[in-house]
Amino acid sequence: MGFSVSASTIIIFIGLVVSAGMLYGAWDYSQDTLTEGEEIKNQLHLDKQQTDIEILGETVEHMDQYLVFDAYNDGNTEHSLEHVSVVIDGEIKDGMVNEVFVKGHDDSGVWLPGDTIHMNVTVEETPDRIVLIVDNGVKDILEEW
Amino acid sequence: MAGSSGSELIIFIASILIAASVAGVITTEVYFATDSFRESVTNIDKQIRGDITIINDPSMIPEENGTIEIYVKNSGASTLPEDPQYTNVMLDGVHIEDVDLAVLNSDTWRPGDTAKLEVGVDEGQFESGDDIKVLVYVESLKDEITGRIA
């Protein structure tokens, strides 16, 4: 009788230990994932606050369906040129960008703080409003130039 | 004597079986619980990392022949589903069923990529100059803007 009690106690105990191991594993995983996610989110927020771009109004020119302008990175964050979007008179022109490059570093794909980029976009008529948006969603609107 | 040891053996086997099944039930239940816990953590993590931004020019939201164009940039750190069934659009508080989604210059909606949503409305429902409130949900991520129709 005594032996069967201790044997079944051991079996249940082993079951509890295995369960505790699984619970700990899940808890550890969730802590890791959430802490990392929280860090990434904070970084994204911080980046947004430190982002400042400016379309240089004096450089805007529209000739023969081509709109050219320069924009300056006045913030503290770098942005991928591939993900710069431009909305002209309300319409997105991402498929109409003929060229976009960093002045002085024509082969570069990143727009670093202090860099000026040059854009050339196909636009039929002289536009009224230009909106430039970088990869993290921060934008600059230029209405009159 | 033989009878008593036989019944002890039966009690022993029975108690082992009961203990094993109790331990089995406990571990399977805990396994299922931790599995769904991990899954929900992964979902919460997606929400935390993800972010969308409507990048329309608020004063000129394009509308043509009953189609409103909304541009949504993936400004977070996770890839979003490009299937329009995960995207919900509300215009002035009304949920719109007819939504088409196309990611520009890419096949997948990765961080930094912009998607063009074509939202079908009744022709004449929105006139040029009308105020409009646009709310976009992609999975559980949300962004809204208030603007005017171009």
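Residues are numbered from 1 along each chain as its sequence is written, chains are lettered from A, and ligands are numbered from 1, in the order in which they are written. Because the model is predicted, local features need pLDDT of at least 70 and side-chain atom pairs count only at pLDDT 80 or more, while totals for chains, interfaces and linings use all residues.

**View 1. The side of chain A that touches chain B.** Contacts join 42 residues of chain A to 43 residues of chain B; two residues are in contact if their C-beta atoms, placed from the backbone, lie within 7 Å. On chain A, α1 (2–49), β4 (85–88), β5 (91–92), β9 (130–133) and β10 (139–142) each supply at least two residues of this side. Helices (H or I, at least four residues) and strands (E, at least two) are DSSP runs, numbered from the N terminus. The largest share, 23 residues, comes from α1(A). By class, the side of chain A that touches chain B has 20 nonpolar, 14 polar and eight charged residues. Here Ala, Val, Leu, Ile, Met, Phe, Trp, Tyr, Cys and Pro count as nonpolar, Asp, Glu, Lys and Arg as charged, and the others, Gly among them, as polar.

**View 2. The two domains of chain A.** Domain 1 covers 1–49 and domain 2 covers 53–142, with bounds from an automatic or database domain assignment. Their C-alpha centres lie 49 Å apart.

**View 3. Gln65(A) in its loop.** Gln65(A) sits in the loop between β1 (53–63) and β2 (66–73) of chain A. Its phi is near 70°, a positive value in a residue other than glycine. Gln65(A) is exposed, with 11 other C-beta atoms within 10 Å.

View 4. Asp92(B) is partly exposed, with 14 other C-beta atoms within 10 Å. Lys133(B) belongs to strand β8 (residues 131–138) of chain B and counts as exposed, with 12 C-beta neighbours inside 10 Å. Leaving aside neighbours within four places in sequence, Lys133(B) is in contact with Asp92(B), Glu144(B) and Thr146(B).

**View 5. An open sheet in chain B.** Four strands form this sheet in the order β5-β4-β8-β9, with antiparallel pairing; two strands pair if DSSP finds at least two bridges between them. The edge strands β5 and β9 (141–148) each pair on one side only. Strands β4(B) and β8(B) pair over five bridges, and the bridge partner of Asn88(B) in β8(B) is Tyr137(B).

**View 6. The largest nonpolar core.** This core has 39 residues, and Val86(A), Val87(A), Leu132(A), Ile70(B) and Val72(B) have the most contacts inside it. A nonpolar core is a set of buried Ala, Val, Leu, Ile, Met, Phe, Trp, Tyr and Cys residues joined through C-beta atoms within 7 Å. Not counting residues up to four places away in sequence, Leu132(A) touches Ile53(A), Ile55(A), Ala71(A), Val84(A), Val86(A), Lys139(A) and Asp140(A).

Note on methods: Buried ≥ 20, exposed ≤ 12 C-beta atoms within 10 Å, placed from the backbone.
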